[in-house]
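Below are some numbered remarks on the model you sent. They are meant to be read with the coordinates open.

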Amino acid sequence: MTRFLLGLWRRQPDRAGEIATTIADLCRAAHRERGIAAAVFTFIAEWLDVIRVWLLERIGQGPRVSMGRAPRLTRPPRRSPMRLLFDVRQAMRSLLASPSTTILTVLTLALGIGINTAVFSIVDSLLVRPVPYPEQERLVSLWTYSTSGKFQWRGGFTSPLTVEWRAQSDLFDRVEGSQDRSVIYEYESGAELVNATTVTPGLLPMLGASPRTGRVFVEGDGRDGTDRLAVIRSRFWAQQLHSAPDVLEREILLDGERYRIIGVLPDDFRYPDERQDIWIPLDPAQPPSTAEQPSSFVLLARLARGVSNQQAAERVKARGEALNAKAGGDGKTSASVMPVSSLIDEKTERSLLVLAGAVTFLLLIVCANVASLTLSRAVARVRDRAVRAALGASRADLVREALLEHALLGVAGASLGLVVASVAIGAVTAVLPEAMAASSLNRIDLDLRALAFLGGVSVITVFVFGLPSALLAGSGQVSGILQIGSRSSSGSVAARRFRAGLVVAEVALSIVLLAGAALMTRSLMKLEAIDIGLNPDGLLTMQLALPAPGYADAAVREDFIARVVERLRTHPNVSGVTAGALPPREHMINVGPVEVGDRPGQKSKSAAVPVFEIRAGYFATAGIRLVEGREPAPEDPAGAAVVSEGFAARHWPGQSAVGRRFRIGKGPWRSVVGIATEVRGRSEAPDSREFEIYYPRGQASDAYTSTMPMARIAEYQTILLRTSGGGVSPEELGRLVHDVDPRVIAGRTSSVEREFADAIARPRIVFLMMAIFAGFGLILAAAGLYGVLSHLVAQRTREIGIRLALGATPRTIGRVVFGNGLGLAAAGTALGLAAALALVKTMQSLLYEVEPADAASFTAVCVIVLLTAALAAWRPAGRAMRVDPVTLLRDE
Amino acid sequence: MTDPRSFLPLTPIAFQVLLALVDSDRHGYGVIREVESRTSGRIRIRTGTLYTLLQRLLSESLVEQAPVPDGAEPDPMDPRRKDDPRRRYYRLTPLGRSVLRAEAMRLESLVSDARRKRVIGGESKVTS
């Protein structure tokens, strides 16, 4: 109140003084006539009245001169700051006059803008700007590849080769390398495997890593691998070291060696991805002599100024073999350059682009819908505006008012859109498969760029949807409208045609979205119907690392595994336990031509066949069915094997493989005792099947293992568990293992069910989002159609009445309205189908066993759209049929 | 000049304020007192209402500010004080006068209609 009074004083000192004097006079009079109490009462009552009237004035309800006329709010002069405020208040009042339309408009806008912003953030983080590093346009990654043509692979660089590439200073400013590795982090009560990365000292500075505390590596760190320095991530500091303030004086035990922490990197620094917790330096010019250190760097280089990606690619390829030979290689390996931005694979990129396209379509539908809504408001008030124009409001005034209303809608929509966006981003990142989220070096969140995008989209949206009604507001048809009266005017006819056009566009756009969603649905159904070859329900895998001290002997390891299996079996929720890797991951490979016993000397092409070592009960626990034969028994002679169906079908087509013999390369002869179902690859579309072979434990000595040997680890083992009931937590499993031997490191426990679900997570997400967008699109289009038809019936009520009076049956009238609606929908459908057929081609690579021009999908889409249109047209048509000509004409 | 009838009907309070200014120019306090004494305390205009209404009457040109009269009447409460310079005086404009007259005539015709129908009249002497 004091502030109000002071404000009044400041703005209108004369008036305030006058009021104060008058009140003082009144108080004095009251005092004289009726005593002090009356004076106090007067004082309070008078001031309260001043406030009451001031407040009433704000809402235009102040005291009036004349009863006939509403008080005119005096409009502040042009260019005064109060003018805008005044206009905003006018616009707000006008919007609140039709609350349902306004709320609908704001909600539609919020959804459109919010979802677009969310998808933008995701696309921006994963595709547009996945690399948050300085001068990222000059960053490239280097890979080696074989020029002999036997095998295709993408490989890394040895230390000498790294040094050779560093010398190519005409191409690169800097060449830095990294290699991921697991290290054993030991603490007082146990040990754990931690993701670490060995880096050349210049890598972190090149990527602009700025430590939260301490420093990053500098040239000279990591020489000979003897200085034992480490940079850790903030997360590791918090979780493992409890954010100890003296972190820079701490030493941690990694792989049995003491490492000094010299710096802490913030959590949002991601290189090579967000899973790394520890970085350890290594100087390639002076590599350590111990074998445990990596010799296969992934190289990241900054191109010299003036060198284009293209030039770099050509020159690197040209020099590759020579440098390889110089560095002590076989000279049959060259190198290639790739821009760093392409961290995510082609399919993910395509999915994101398709989603971005879909969401743009959704925004267009939103624009069309909101344009239609605002246009119907504008038409309803066309008379009102015409009167005001006749009274002297300029065209600019009217357009300005309309634009201001739209701007307010836009601001409200954008604010709510921000909420929608943050919720949507949260939801999407929650369901995004880890691999996809980790593939970006940028976090997905509402950053400044996303906010800028939101602002931009809102402005464009407001402009696009607001233009038609603003033009209508400013159109110079004043006299025409006033003369013709309320019936119908050329302006509203034009608006009606325009709205009909908008509906056609909305239907067409929804067809495109629906077509995309339908194709993804069919594709996903086919993917989910694929037999994955094992039973993933409740199946867990747990990694164990057996330390080298104490487990050097194979028999000791075998004894330990047997005891762990027995220990785990005691858990009530565990129904089956065995040890052995589970296809398709973590396997060994047998390389060589396959030779079949029936046709000695006749060899197939050289192949790399995945090999799995199994123990008793393996197939029952994993849920892999044996379609023929049995699992190897202890009494079988050496060389018993189970092969997968595919392997059997290829080498013994049309015959039973059980009892047959084969060998791979120069390995021992094996005899088939059983045939197992094929386990599907964990890629989403199992196009390239690799067949599996299972050998009893200890008989795969001729196979290569794919895990890197580590000096501190004797062997990695996978424990397979079938759980039921409430399942078993990783902590419980770790405890049970440590009951047997606390020195063994219990690594990652993962749910096989989850892994297989993740394999088709990308198509599922694309499907989910497409379905959501298409659903919104369809609802909006139906709402648009409903609105246009309702408006049409309302406008033509008189015409309908006359027709009925002249003998038309309600049925005919209903049919006309209904037909009108279906006509619009059909036109939209035709347009939409043409557009969809052209656009779905871009989705080809995302579809599994579904053609982009899939007839079933397109038929379903048309049926859905036309049914929805019929539903939307139903009520307006019914309303037209119930028009009573007698009442109507009497009212006239 | 604006048609006085375009203001009709006046709100009762506007009518009272205009009526108070008929015989002399007054300041706000004067208006309140005049209305109060003329209506025997039945109508008491509060300050906030009065000044907002005066503002509006000014903008509609029904009243205007008057110069402080020569030898302004001494402060009614404190004869030793000269009139407070913060007080402003108001007076009727010709338009205000015609609007007031038009409103009075409108009320007159309403009342005479009622009298013709004998809604009032017979007992009017008793009440007055």
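**Notes on the predicted model**

1. Helix α2 of chain B spans residues 28-38, and its buried residues are Gly28(B), Tyr29(B), Gly30(B), Val31(B), Ile32(B), Glu34(B) and Val35(B). After α2(B) comes Ser40(B), which has a positive phi, near 50 degrees. The model is a predicted one, and these remarks should be read accordingly.

2. Chain B as a whole contains five helices and three strands. Their order along the sequence is α-β-α-α-β-β-α-α. Of the 128 residues in chain B, 42% are buried. When contacts in chain B between residues at least 6 apart in sequence are taken, 66% of them join residues at least 24 apart.

3. On confidence, chain B has a mean pLDDT of 81, with 80% of its residues at 70 or more. Residues 124-128 of chain B stay under 50 in pLDDT, and the model gives this stretch zero contacts beyond four places in sequence. For the complex, the predictor reports an ipTM of 0.83 and a pTM of 0.63.

4. In chain A, how do helices α22 and α24 pack? Helix α22(A) covers residues 761-795 and helix α24(A) residues 810-839; the angle between them is about 145 degrees and their axes are 10 Å apart. The crossing of α22(A) past α24(A) is right-handed. From α22(A), the contact uses Leu785(A), Val788(A), Leu789(A), Leu792(A) and Val793(A), while α24(A) supplies Val817(A), Asn820(A), Gly821(A) and Leu824(A). Sorted by class, this contact holds seven nonpolar residues, two polar residues and no charged ones.

5. Thr541(A) sits in strand β11 of chain A, residues 539-547. Is Thr541(A) buried or exposed? Its relative accessible area is 4%, so Thr541(A) is buried, the cut-off being under 20%. Beyond its neighbours within four places in sequence, Thr541(A) has contacts with Leu582(A), Thr718(A), Ile719(A), Leu720(A), Arg748(A), Thr749(A), Ser750(A) and Val752(A).

6. Over all chains, 15 aromatic pairs are counted. One of them joins Tyr618(A) and Tyr694(A): the ring centres are 5.8 Å apart and the planes stand at 50 degrees, so the pair is classed as tilted. Tyr618(A) belongs to helix α18 (residues 618-622) of chain A and Tyr694(A) to strand β19 (residues 693-696) of chain A, so the pair ties together parts 76 residues apart in sequence. Both Tyr618(A) and Tyr694(A) are buried.

7. A second aromatic pair to check is Trp652(A) with Phe662(A), which is edge-to-face, at 6.2 Å centre to centre and 70 degrees between the planes. Trp652(A) lies in the loop between α19 (645-651) and β17 (661-664) of chain A, and Phe662(A) lies in strand β17 of chain A; the two residues are ten apart. Trp652(A) and Phe662(A) are both buried.

8. Which residues form an aromatic cluster with Tyr618(A) and Tyr694(A)? The cluster also takes in Phe612(A) and Phe619(A).

Conventions: Residues numbered from 1 in each chain as written. Chains lettered and ligands numbered in written order. Predicted model: local features only at pLDDT ≥ 70, side-chain atom pairs only at ≥ 80, totals over all residues. Heavy atoms only, no water. pLDDT = per-residue confidence, 0-100. Contact = heavy atoms within 4.5 Å. Helix = DSSP H or I, 4+ residues; strand = E, 2+ residues; numbered from the N terminus. Buried < 20%, exposed > 50% of the residue type's maximum accessible area, 1.4 Å probe, protein only. Axes fitted to C-alpha atoms, helices over the stretch in contact; angles between N-to-C directions. Left-handed = near helix turned anticlockwise from the far one by under 90°. Nonpolar A, V, L, I, M, F, W, Y, C, P; charged D, E, K, R; others polar. Phe/Tyr/Trp six-rings, centres within 6.5 Å; stacked < 30°, edge-to-face > 60°.
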